[in-house]
Amino acid sequence: MRATVRDVARLAGVSPKTVSNVVNGTVPVNPDTRERVEAAMASLDYVPNLSARGLRNGRSGLIALALPDLSTPYSAELVHEVVEAAHRNRLAVQLEETGYDPERELQLLTRARANLVDGLILNPLVLDQSAIAPGIVLPPAVILGEVQQNIVDAVGVDSVGAARAVTRMFAEGGRRRIAVLGARRPGAAATAETRTRGYREALAELGLPWEPELEIICEDWHSEGGAEALSGFLARHDPPDALFCFTDSLAYGALSVLASAGLSVPRDVSVAGFDDLAMSPYAVPALTSVNFSRRTMAEKAVQLLLEQIEHRGRPPRTVTVPFSIRHRASTGATSA
């Protein structure tokens with residue numbers, strides 16, 4: 001027989017309400033009492049009935065996190081921070097990979113509307129192809145990334161401003177032929193479009209010519225994709241004197257290709273990335289990158305989601321996470 005709240009209460013010598021307070025964590029409980037209750041739960045192998053609790057309060061205690069590609073180092077870091085932020089708010093996280101497929105997003109929305117999850121955090125590439133759309137009934141949801149919309153809450157980084165800052169950094173270091181790695185065809189991804197826009201704006205502000213061939217198209221944002229795209233570029237063109245990679249993963253592939261081509265970084269080509277992944281200080285050479293706090297992004301996203309769960313129908317909000325450039329050896333810095 002499965003142990004019940006009453007069984008735990010009887011063994012611990014407390015009321016069923018006290019057991020519920022310990023399980024839910026919503027009311028302070030005397031440490032000695034909590035210890036007796038937890039010991040009784042362990043002795044009886046008591047497992048809270050989350051589905052029954054959800055029926056009572058209309059919540060499951062579960063949120064969904066959906067990212068396009070869970071295999072990337074960036075996704076791993078972000079997932080870690082979202083799970084930790086959710087845990088601090090006594091929430092569990094269901095992970096989903098959308099695979100860049102709006103149909104998978106739609107399935108998540110349907111699940112949320114059916115109260116199987118309390119809300120979701122997702123990272124669509126472009127709004128036009130996303131299940132998040134005007135005029136449909138949406139559960140509590142938060143968008144991560146650069147997609148511009150006024151439908152649900154959003155948390156992101158000023159990619160346009162960051163790309164401008166990196167491009168200016170190169171120019172201030174005497175670089176004039178500045179290329180970007182990670183450009184995509186129009187409409188493909190908001191991240192690529194916003195970073196490309198910032199790059200172009202900085203070129204105009206600096207009075208540098210825009211050369212379309214220096215926007216290196218890369219559909220695959222893994223290190224292998226970056227390496228393949230840059231190799232193809234170098235087979236047809238002279239190397240640039242600076243390379244802004246739209247992710248650190250792309251930069252890792254680029255550094256390998258430049259070394260194989262006999263090009264010195266940063267003497268011949270200055271290189272910078274975006275995301276400042278945990279392994280970037282250990283790249284060879286150490287990678288200069290745009291840094292922003294994944295922890296802050298996760299905390300803000302979970303906070304906004306909880307606000308929506310508590311206050312349905314409030315106007316959507318957008319939170320911008322600040323960025324900085326971490327200067328390292330790949331752009332000539334002697335220390336980070």
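How many bridges join strand S6 (residues 178-183) to S8? In this predicted model, 4 bridges join the two strands, which run parallel; strands are said to pair if DSSP finds at least two bridges between them.

## Basis of the description

Residues are numbered from 1 along each chain as its sequence is written. The model is predicted, with local features requiring pLDDT of at least 70 and side-chain atom pairs counted only at pLDDT 80 or more, while totals for chains, interfaces and linings use all residues, and side-chain values use heavy atoms, with hydrogens and water left out.

## Overall make-up

The chain contains 11 helices and 12 strands, where helices (H or I, at least four residues) and strands (E, at least two) are DSSP runs numbered from the N terminus. Of its 336 residues, 48% are buried; buried stands for under 20% relative accessible area, exposed for over 50%, and partly exposed for what lies in between, with a 1.4 Å probe and protein chains only.

Among contacts in the chain with a separation of 6 or more, 71% are accounted for by residues 24 or more positions apart, a contact being heavy atoms within 4.5 Å. The chain exposes about 16100 Å², of which carbon and sulfur atoms supply 52%; accessible areas come from the Shrake-Rupley method with a 1.4 Å probe, and for residues only the protein chains shown count as cover.

Leu-243 and Val-271 are, together with Ile-121, Val-155, Leu-181 and Met-297, the residues that touch the most other members of the largest nonpolar core, which has 71 residues. Such a core is a set of buried Ala, Val, Leu, Ile, Met, Phe, Trp, Tyr and Cys residues joined through side-chain atoms within 4.5 Å.

## Backbone features in the loops

Val-265 and Pro-266 are joined by a cis peptide bond with omega of about 10°, and Pro-266 lies in the loop between helix H10 (248-260) and strand S9 (270-274). The bond from Val-284 to Pro-285 is likewise cis, with omega near -5°, and Pro-285 is placed in the loop between S9 and strand S10 (288-292).

Asp-275 is found in that loop between S9 and S10 as well; this residue has a positive phi of about 125° although it is not a glycine, and Asp-275 counts as buried because its relative accessibility is 5%. Asp-45, in the loop between helix H3 (31-44) and helix H4 (50-57), has phi near 55°, again a positive value in a residue other than glycine, but Asp-45 is exposed, since its relative accessible area is 62%.

## Helix and surface positions

Thr-196 is found in helix H8 (residues 190-206) and counts as buried because its relative accessibility is 9%. Leaving out residues up to four places away in sequence, Thr-196 touches Ala-183, Glu-215 and Phe-246. Lys-17, in helix H2 (residues 16-24), counts as exposed because its relative accessibility is 58%.

At the surface, Leu-70, Val-83 and Leu-95 form a nonpolar patch with about 200 Å² of accessible area together. Patches are made of residues with over 30% relative accessible area and no salt bridge, with like charges joined within 9 Å and nonpolar side chains (Val, Leu, Ile, Met, Phe, Trp, Tyr) within 5 Å; a salt bridge is a side-chain nitrogen of Lys or Arg within 4 Å of a carboxyl oxygen of Asp or Glu. Leu-70 lies in the loop between strand S1 (62-67) and helix H5 (73-88), and Leu-70 counts as partly exposed because its relative accessibility is 33%.
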